[in-house]
Amino acid sequence: MAGGGFAAAAEGGGVTVPVAVTCLMAASCGLIFGYDIGVSGGVTQMESFLRKFFPEVSSRMKSARHDAYCKYDDQLLTAFTSSLYIAAMLSSLVASRVTRTVGRQAVMLVGGVLFLVGSAINAGAVNIAMLILGRMLLGFGVGFTTQAAPLYLAETSPARWRGAFTTAYNIFLVLGSLAATVTNYFTNRIPGWGWRVSLGLAVVPAAIVVLGALLVPDTPSSLVLRGETDGARASLQRLRGPGADAEAEFKDIVRAVEEARRNDEGAYERLRGKGYRHYLVMVVAIPSFFDLTGVIVMAVFSPVLFRTVGFSSQKAILGSVILSLVNLASSLLSSFVMDRAGRRFLFLSGGAAMIICQLAMTWILAGHLGKHDSVTMPRGYALAVLVLMCLYTLSFGVSWGPLKWVVPSEIYPVEIRSAGQALTVSIALCLSFAQTQVFFSLLCAMKYAIFLFYAGWVVVMTAFVAAFLPETKGVPLEAMRAVWARHWYWRRFVVGDAKLEAQVDCL
C-alpha cells in the first residue's frame, strides 16, 4: 500500500492552474530579500548617502593616496548592511515554532508586513540609529518569509516539478535584486536624496508579498499538522485538479504527520539522534558552503567592488545591473534543467566553473590593482573583472543559487521540516551577517587573496556534494528517507522498516 502510494505520488500530480498561481504568489516572497540584496550595496557607495551618514568614508573616496582596497573599510558602514542579517537569523528561529502553530501562509503575511514598516522607516531616516532600526525590521521580515516560503513551495508543488516550482523563489529573489539595481541606477543621479527613493521603494515588493499571502491558502501538510484534515484534503484536491486521484498522496501526507506526532519529543532534540544524523549534517553544511562561496558579499557589494577596480559610481551600478540580468537568465535556465539534469549535476558543474572564475579574478587583481600606488587598474583588466564576475554569477545562478533553497526544503521529513528549514536559514543568515560585517576589513587586509580564500571553500563544498549529497530529483517528500537509505554512507544512520523497503524498491 505504502509503496503503491509512493509510486502514484511520483507519477501523478500535473501542473494545474491553482498550483501555478499559488506557487507564484508564495514565491513572490523572494522579492523582498532580493530587493534588499540589490539595493543596499548600491546605496552604500552613493556619494549623497555617504556624505550624510558616513563623511569619513566620503573623504577617503576623494583621496588619491588611499589604498584602493581600503576605501570602504568602516565598521559602522558595514553595520548598515549586516544588521538585517542578524535580525533575520533571530526571527527565522522564532518562525519555526510559529509556522507549526499558525501555518506557512500566516508567517509569510507577518514577514511582508514587517518589511513594509522597515522600508518606510529607512526612507525617512535622519540618523544612523533610524537606519539600523529600519534594517532590523527588514531583517525580521526576511527571516519569517525565507523560513516559510520555500517550505510552502515544496509542500504544494507536484513531486515531478518540485525543483522548478521551488526555484521560483530564487527567480523572484533575483527579480527583486534586478529591480533594486535598476532603481539605484536612476536614483544615483538625484542629488541629495536619491538614496531615500531607493530605500523607500522597498514598500512595493513588500506590498506584493502581503497581497500574495492574503490570497493563498495554507499547504495540505501544514493543515494536517494543525488537525485540519478535511481542509487539507480539499486543499490538495484543488491543487491537483478536480479529476485527479489525490487520495494516495493525501494518505502519505497524513501518515507522515501521524508518525511525526507519535515521536514528537521536539524537532531540535530529534535532530541530534542517530537516525537524523544525515539531516543534521546537511542543515549545517548546505548554508555554510553557500555563504562561503563569497557570493553574498559579491551580490551585496558588487557596486563597491566595481568602484574599487576603478569604475565611476554610475558605471559601478550599471555593472551590478548587468550581473543581475545574468543572474536572472541563469536562474530561469536552472528552472528548466533542474528536474531533467538533476541536483548533483548542477552542483558539481557549477562549482567547477566558479572555482575557475575566482582563480582568474585573483590573478588579475594581484597583477594589476594596487601596484605602484595605483588606486585603479587599466580599463581592459577592469572589464575583464566584470566579465569574470558575470561568468561566476552565471555558474552560481544555475547551481548553488536556486539549489540552496530547493534541496533543504525537500530533504527533511515532516517532523523536522520546519526546524530543519529554520536552522538552515538561520545558519546562512548568521554567516551572511558575519561576512557582510567584516568583508571590507578582509578586503583591506587580504586584498586580492580574498577571492583565493573563497575559491578554496568552493573546492571543499564541491567535493562534499560529490561524496555525500544524494540525488533527490523527482522523489516525493513523503518518501525522501528512501533516498538516504540507498546512499553508500548515510544508509548506516537510516532506520529501516517494511514501508521504507518498498519505497527503495520503487526508486
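A disulfide is a pair of cysteine sulfur atoms within 2.5 Å. By that criterion this structure, which is a predicted model, holds zero disulfides. Cys357 shows how the cut-off works in one instance: the cysteine sulfur closest to its own belongs to Cys390 and lies 9.9 Å away, so the two are too far from each other for a bond.

## Helix α8 and its partner α3

Helix α8 covers residues 128–156, and helix α3, which covers residues 30–44, comes to within 9 Å of it when the two axes are compared, with a crossing angle of roughly 140°. Because angles over 145 degrees would be needed for a roughly antiparallel pair, α3 and α8 are described as oblique to each other. The crossing in which α3 passes α8 is left-handed.

On the α3 side the contact is formed by Ile32, Phe33, Asp36 and Ser40, and on the α8 side by Arg135, Leu138, Gly141, Val142, Thr145 and Thr146.

## Helix α8 and its partner α2

Helix α2, made up of residues 17–27, also packs with α8: their axes come within 9 Å and cross at roughly 165°. This angle is over 145 degrees, and α2 and α8 are therefore roughly antiparallel to each other. The crossing of α2 and α8 is left-handed.

The residues that make this contact are Val19, Thr22, Cys23, Ala26 and Ala27 from α2, together with Ala149, Tyr152, Leu153 and Thr156 from α8. In the contact of α2 with α8, seven residues are nonpolar and two are polar, while no charged residue takes part.

## The pair α17 and α18

From α17 the contact draws on Ser302, Pro303, Phe306 and Arg307, and from α18 on Ser313, Ala316, Gly319, Ser320 and Leu323. The contact of α17 with α18 divides into four nonpolar residues, four polar residues and one charged residue.

Two buried residues can be considered together here. Thr44 is found in helix α3, and with a relative accessible area of 1% it is buried. Leaving aside residues up to four places away in sequence, Thr44 touches Phe49, Leu50, Tyr72, Leu77, Phe80, Thr81 and Val304. Thr44 and Trp195 are separated by 151 residues in sequence, yet their C-alpha atoms are 9.0 Å apart in space.

Gln45 is found in the loop between α3 and α4, the latter comprising residues 47–53, and it is buried, with a relative accessible area of 0%. When residues up to four places away in sequence are not counted, Gln45 touches Leu50, Tyr72, Asn188, Pro303, Val304, Arg307, Ser313, Ala316 and Ile317. Among these neighbours, Pro303, Arg307, Ser313 and Ala316 are also named in the contact between α17 and α18.

Most residues other than glycine have a negative phi. Lys447, by contrast, has a phi near 55°, which is a positive value in a residue other than glycine. Lys447 has its place in the loop between α22 (414–446) and α23 (449–468), and at a relative accessible area of 27% this residue is partly exposed.

Ala482 has its place in helix α24, which is formed by residues 481–486. Ala482 counts as buried, its relative accessibility being 0%. Between Ala482 and Glu471, which are eleven residues apart in sequence, the spatial separation from C-alpha to C-alpha is 11 Å.

Key:
Residues numbered from 1 in each chain as written. Predicted model: local features only at pLDDT ≥ 70, side-chain atom pairs only at ≥ 80, totals over all residues. Heavy atoms only, no water. Axes fitted to C-alpha atoms, helices over the stretch in contact; angles between N-to-C directions. Helix = DSSP H or I, 4+ residues; strand = E, 2+ residues; numbered from the N terminus. Parallel < 35°, antiparallel > 145°, perpendicular 65-115°, else oblique. Left-handed = near helix turned anticlockwise from the far one by under 90°. Contact = heavy atoms within 4.5 Å. Buried < 20%, exposed > 50% of the residue type's maximum accessible area, 1.4 Å probe, protein only. Nonpolar A, V, L, I, M, F, W, Y, C, P; charged D, E, K, R; others polar.
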